[in-house]
Amino acid sequence: ASLVLPLRGGIATLGEYFAEVELGAPPQRVRLQVDSGSSSLVVTARECSSCSRGDALGGAYDAGASASAQAVGCDSPRCGANTCSSLSCRSDTCSLNAGACCAASNNSVCGFFLRYGGDTDYHVAADGELWLESIRVAGQDFENVTVYRTLDEQGPWPSNVDGILGLGLPRLNCNPTCSEPVHEQMLAELGGSRKFAMCLGDVSGALALGTDGAAEHLYVGRAYYVPILAADLFGTYYTVGLEDMRVGSATLLRTKGLPRQAIVDSGTTLLLLENDLWIDLKAFFQTRFCRLAGVCTPKSIFEPGVCLVDKPRGFPVISLTLADGLRLEMPPSLYFIAYTDPNFGRQVYCFGIQPAGRERTVFGDTLLRGFTTVYDLEERRIGFAEPNRTTCGNLTESIGAIRIHHHWPFPFEGGNASLQGFALAAGTVAIVTALLTQLLLCVRTTHTLRSPKYPKNVPVEGGLGASSRQSEFGTFAYA
């Protein structure tokens, strides 16, 4: 059995992609951001006064109105034993027998604490109660799903969704009580191999779970796989090896100590590069492509909130090489994000790559929207394929390319191979004053990963999408 769930949203419209599912009996419709960088089903409780709101009727999830809702008792075997001393426990109350973490809001209910974005300026947090609930996804019902019912939020949570559908590895679902991620439960009940796939378009997409060709339904041709690295911190993230990064035919990575790691995360809006890679990328552009619009201007495209007014021309292909010579190529139409601001009245083009600071590279939606991504949990591998334009909805103007190379050095294939700048008509850049809030608050999804010295039961989860309508791109000025 399988299911295919339509996705809505977009990288430029909301900075995130979400699915509509139904919780409880009678069913309550909620919007959940799809996030492969976290593993919990988090939903805003109706009575939460500090929580953001999506557009669900009545304002998020009302457990009191659901006949199928059941609180997880703090003295229940489902509430993790010896978790009260965990840094993920924000309550002063523990269960007497097992030392489980009770909720601060109700000491008889099992509690949780979640944090996204680590210690960056863009982090958010939530705490509340664990409940069991029924969920309907694409017309199929699943019972006794663990729901993180949020009663308090801190930080700028997105206002366009009611919560998060975590699709990550089980280790991330220990906060501090460990429970089975909902997608793992759904895959087990659907039967067959544990596999799901996702494709992301400009304003829509699709999520497929299960067998019977569900994943294959979202791409054409074949999927090319690379292994999920076992060396990831505590097995928390979908991490792949990054062997090379190229601009045109020039490498930026091969001399910098290999292999690198990259996290595949649908809940991060942009492609985030480790700080040294970001510095090298910016320097390479400003050395070899300085005549391109917005590259060497006083306000350059590498600064948050600075976008091109005219469609990018002459920019090179940027490619990322993974294990076994698998190269993902991004044309400029993919790594520039087209956005139409109602105040400006025309489309602008914003650079969809930003620094990740000292943390690992994150393959966010800038890259992922060019491919169908297949998460094969059974074989512990990630696949990339050409999206099916029929089943994946409104795809971006130019999808990425996949190439296999077996020899060093790699020859350049596809795109404009010239390493010299291109003479253009006078280029104009637009300064989007609130883009930092729209796209880089999306970057609060930055996975600030802890080193092994940090407690493994305090996962720094990823993926929270953009803050969307709570802060628009803003007004434009010209350089």
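Author: A disulfide is counted here as a pair of cysteine sulfur atoms within 2.5 Å. By that criterion, a search of the whole structure finds nine disulfides. The model is predicted, so local features need pLDDT of at least 70 and side-chain atom pairs count only at pLDDT 80 or more, while totals for chains, interfaces and linings use all residues. Residues are numbered from 1 along each chain as its sequence is written, and side-chain values use heavy atoms, with hydrogens and water left out.

One of the disulfides joins Cys79 and Cys110, with 2.1 Å between the sulfur atoms. The torsion about its S-S bond is 85°, and the link of Cys79 and Cys110 is right-handed. This pair links distant parts of the chain, 31 residues apart, with both Cys79 and Cys110 placed in the loop between β5 (70-71) and β6 (111-116). Strands (E, at least two residues) and helices (H or I, at least four) are DSSP runs, numbered from the N terminus. Cys79 has a relative accessibility of 3% and counts as buried; Cys110, at 0%, also counts as buried. Buried means under 20% relative accessible area, exposed means over 50%, and partly exposed lies in between (1.4 Å probe, protein chains only).

Cys48 and Cys51 form another disulfide, their sulfur atoms 2.0 Å apart. The torsion about the S-S bond of Cys48 and Cys51 is about 80°, so this disulfide is right-handed. Both Cys48 and Cys51 are buried.

In the disulfide of Cys174 and Cys178, the sulfur atoms lie 1.9 Å apart. With a torsion of about 115° about the S-S bond, the disulfide of Cys174 and Cys178 is right-handed. Cys174 counts as buried at 9% relative accessibility, whereas Cys178, at 49%, counts as partly exposed.

Next, the salt bridges. A salt bridge is a side-chain nitrogen of Lys or Arg within 4 Å of a carboxyl oxygen of Asp or Glu. The structure holds 17 salt bridges. One of them is formed by the side chains of Arg31 and Glu20, at 3.8 Å from N to O. Arg31 lies in strand β3 (residues 28-35) and Glu20 in strand β2 (residues 16-23), so the pair ties together parts that are 11 residues apart in sequence. Arg31 is buried, with a relative accessible area of 11%, and Glu20 is partly exposed at 29%. Arg31 and Glu20 also belong to a network of salt bridges that links them with Arg8 and Arg29.

Glu184 and Arg194 form a salt bridge in which the closest N and O atoms are 3.0 Å apart. Because Glu184 lies in helix α1 (residues 182-190) and Arg194 in the loop between α1 and β10 (195-200), this pair ties together parts that are 10 residues apart in sequence. Glu184 counts as buried at 8% relative accessibility, while Arg194 counts as partly exposed at 30%. The side chains of Arg381 and Asp376 meet in a salt bridge of 3.0 Å, N to O. Arg381 is partly exposed, with a relative accessible area of 29%, and Asp376 is buried at 3%.

As for the overall fold, the protein has five helices and 29 strands. Of its 479 residues, 61% count as buried. Among contacts (heavy atoms within 4.5 Å) between residues at least 6 apart in sequence, 70% join residues at least 24 apart.
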